[in-house]
Amino acid sequence: MPLTATATKDAPVDPRGPRFSAWITTAVLAVVLLTGSWRLLAAQTVLFAMCAFISLKLNPWGHVYRFAVQPRIKPTTEREEAAPLRFAQGVGFVFALIGTIGYTTGLTALGVVATSAALVAALLNAALGLCLGCELFLLLRRHAPALARPQ
C-alpha cells in the first residue's frame, strides 16, 4: 500500500472531524468487545477500507461532523493533510480485518487482541489527538522517503 493517497487526492481536512470520527469508532469497537459481534466489526472493517483505499469523503461520521457538528462550533483555519489520515485508516483496516477473521474462525482471543489494539488507537486519537497511524506514516516517510512519495 503506497503511503500517499491512492484512488483520489483528498483535500486537507479540519482535524476536529477525524477526532469526532475516532470517538464514534471507539464506541463501535467497545461494543464489538462487549458483544463479540463479528458483523459489527466487519462493518467497521469495510468503513476503514473505504476511507483508506478510496476516499475519506466516504466516512459517514465525517458527514455527520460536517453537517451537524461543524456549523455549531467555532470555525478554524487549521487543516491536516489527508495522506496520513488515509494511512491510519489502512492500519485500522488491518487490525479490524484480523479481528474479524479471529471472531469468525473461532479464534476469539485473536479477535479480542486485534480489536483492543484498534480501540486503543481510536481512543488515543479521540481523547488526546494522538493519531498513531499518522505518526507511523510520518516516521516511515522520514526514514523511507522513496516509499512515501510517488516516483
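A residue is called buried when its relative accessible area is under 20%, exposed when that area is over 50%, and partly exposed in between, using a 1.4 Å probe and protein chains only. The model is predicted: local features need pLDDT of at least 70, side-chain atom pairs count only at pLDDT 80 or more, and totals for chains, interfaces and linings use all residues. Residues are numbered from 1 along each chain as its sequence is written, and side-chain values use heavy atoms, with hydrogens and water left out.

**Charged pairs**

Side chains of opposite charge can pair when their charged atoms come close. A salt bridge is taken here as a side-chain nitrogen of Lys or Arg within 4 Å of a carboxyl oxygen of Asp or Glu. The count by this rule is two salt bridges, listed below.

| Salt bridge | N to O distance |
|---|---|
| Asp-10 and Arg-86 | 3.3 Å |
| Asp-14 and Arg-16 | 2.8 Å |

The pair of Asp-10 and Arg-86 links distant parts of the chain, 76 residues apart: Asp-10 belongs to the segment before helix H1 (16-35), and Arg-86 to helix H4. Helices are DSSP runs of H or I with at least four residues, strands are runs of E with at least two, and both are numbered from the N terminus. Asp-10 and Arg-86 are both buried. In the other pair, Asp-14 counts as buried because its relative accessible area is 8%, whereas Arg-16, at 27%, is partly exposed.

**Two buried positions**

Thr-45 sits in helix H2 (residues 38-53) and is buried, its relative accessible area being 7%. A polar atom of the Thr-45 side chain lies 2.8 Å from the backbone oxygen of Leu-41. Contact means heavy atoms within 4.5 Å. Leaving aside residues up to four places away in sequence, Thr-45 touches Phe-93, Ala-96, Leu-97 and Thr-100.

Ala-88 is part of helix H4. With a relative accessible area of 14%, Ala-88 is also buried. With the same exclusion of residues up to four places away in sequence, Ala-88 touches Cys-131, Gly-133 and Cys-134. Between Ala-88 and Thr-100 there are 18 Å from C-alpha to C-alpha, for a sequence separation of 12 residues.

**A nonpolar surface patch**

Patches are made of residues with over 30% relative accessible area and no salt bridge; like charges are joined within 9 Å, and nonpolar side chains (Val, Leu, Ile, Met, Phe, Trp, Tyr) within 5 Å. Val-94, Phe-95, Ile-98, Leu-107 and Leu-110 form one such nonpolar patch on the surface, together having about 390 Å² of accessible area. Areas come from the Shrake-Rupley method with a 1.4 Å probe, and for residues only the protein chains shown count as cover. Helix H4 (residues 82-104) gives the most to the patch, with three residues. Leu-110 is placed in helix H5 (residues 108-128) and is partly exposed, at 36% relative accessible area.

**Annotated spans**

UniProt positions are given in the numbering used here, feature names are shortened, and annotations may be inferred rather than shown by experiment. An unreviewed UniProt entry lists residues 13-142 as "domain: DUF4395". The chain over residues 13-142 is 78% helix and 0% strand, with end C-alpha atoms 22 Å apart. The unreviewed UniProt annotation "transmembrane region" covers residues 20-41, 90-113 and 119-140. Residues 20-41 are 91% helix and 0% strand, and their end C-alpha atoms lie 19 Å apart. For residues 119-140 the values are 86% helix and 0% strand, with end C-alpha atoms 22 Å apart.

Key:
A polar contact is a pair of N or O atoms within 3.5 Å; within protein, one must be able to donate a hydrogen and the other to accept it, and residues adjacent in sequence count only if both atoms are side-chain atoms.
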